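These are my notebook entries on one protein chain. I record what I looked up, in the order in which I looked.

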Amino acid sequence: MTPRGCATGWLSSLAAGLLCLVGCVTADVRTTVRPDVDFGRYSSAEVMHIVLDETAADLSRSLVEELEAAIRKRLEEHGYGVEEPGMADLRVEVRLEVEQVTRSTWDSDPDASASVLREFDEAVVRLRVMDRRAEDEIFGAEARSRLREPDPIIGPSAASVWRRVVDEAAASIPTRRPAE
């Protein structure tokens, strides 16, 4: 292989790796679970329509419907039957919002490098699982991820960020383990 071929192969591998890293960043998910709840006693769940905060109101209806379907799929994977409203043991409520946060980032400049404060928009998903009969929250999750990357050329699309954040929040719902 010629030196030029080595450089080209190396650069394309580096570029592919960077694209994967940027697109594959996971969301920060924090959960709360009532310790006295036995998820094995619940067999079904209903997914309420996603509520969009005014900061997320520009999301398309088709994307919101796709996100609702993804939550239903995760519930089925976790052992819950997905029912029509009013028929299930659990009710899943989801709220989407965009939050502006300030983070310390490393700024690399030819003249100087330093830690600087920057403002970023984050996609925030607040998911609540309610015992439908008791009207009591038994599980909660908050997932967030940077919505707009500093470099829009290699950053993931806003829709892909929302898909990932909603999926990771739904994936955190406890799996149903029926009592034996």
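**Entry 1: Elements.** I took helices (H or I, at least four residues) and strands (E, at least two) as DSSP runs, numbered from the N terminus. I found 3 helices and 7 strands in the protein chain. Along the sequence I read the pattern α-β-β-β-α-β-β-β-β-α.

**Entry 2: Source.** I noted that this is a predicted model, in which local features need pLDDT of at least 70 and side-chain atom pairs count only at pLDDT 80 or more, while totals for chains, interfaces and linings use all residues. Residues are numbered from 1 along each chain as its sequence is written, and side-chain values use heavy atoms, with hydrogens and water left out.

**Entry 3: Confidence.** I looked up pLDDT, the predictor's confidence in each residue, from 0 to 100. The mean for the protein chain is 83, and 78% of its residues reach 70 or more. Over residues 1–23 the pLDDT stays under 50. For this stretch I noted 6 contacts (heavy atoms within 4.5 Å) beyond four places in sequence.

**Entry 4: Burial and contacts.** I called a residue buried under 20% relative accessible area, exposed over 50%, and partly exposed in between (1.4 Å probe, protein chains only). Of the 180 residues of the protein chain, 34% count as buried. Among contacts with a separation of 6 or more, 70% join residues 24 or more positions apart.

**Entry 5: The core.** I looked for a nonpolar core, a set of buried Ala, Val, Leu, Ile, Met, Phe, Trp, Tyr and Cys residues joined through side-chain atoms within 4.5 Å. The largest has 36 residues, and Ile-71, Leu-96, Val-125, Leu-127 and Trp-162 touch the most other members. At least two residues each come from β2 (44–47), α2 (61–77), β5 (90–108), β6 (113–131), β7 (136–146) and α3. Helix α3 gives the most, with 6 residues. In soluble globular proteins, nonpolar side chains tend to be buried together.

**Entry 6: Helix α3.** I saw that α3 covers residues 158–171. Its buried residues include Trp-162, Ala-169 and Ala-170. Beyond four places in sequence, Leu-127 is in contact with Ala-169 and Ala-170, and its other partners include Phe-139 and Ala-141.

**Entry 7: Val-33.** I placed Val-33 in strand β1 (residues 28–33). Is Val-33 partly exposed or buried? Val-33 counts as partly exposed because its relative accessibility is 42%. Leaving aside neighbours within four places in sequence, I found Val-33 in contact with Phe-39, Ile-138 and Phe-139. Val-33 and Ala-141 are 108 residues apart in sequence, but 8.8 Å apart in space, C-alpha to C-alpha.

Key
The expected span of a helix is 1.5 Å times one less than its number of residues.
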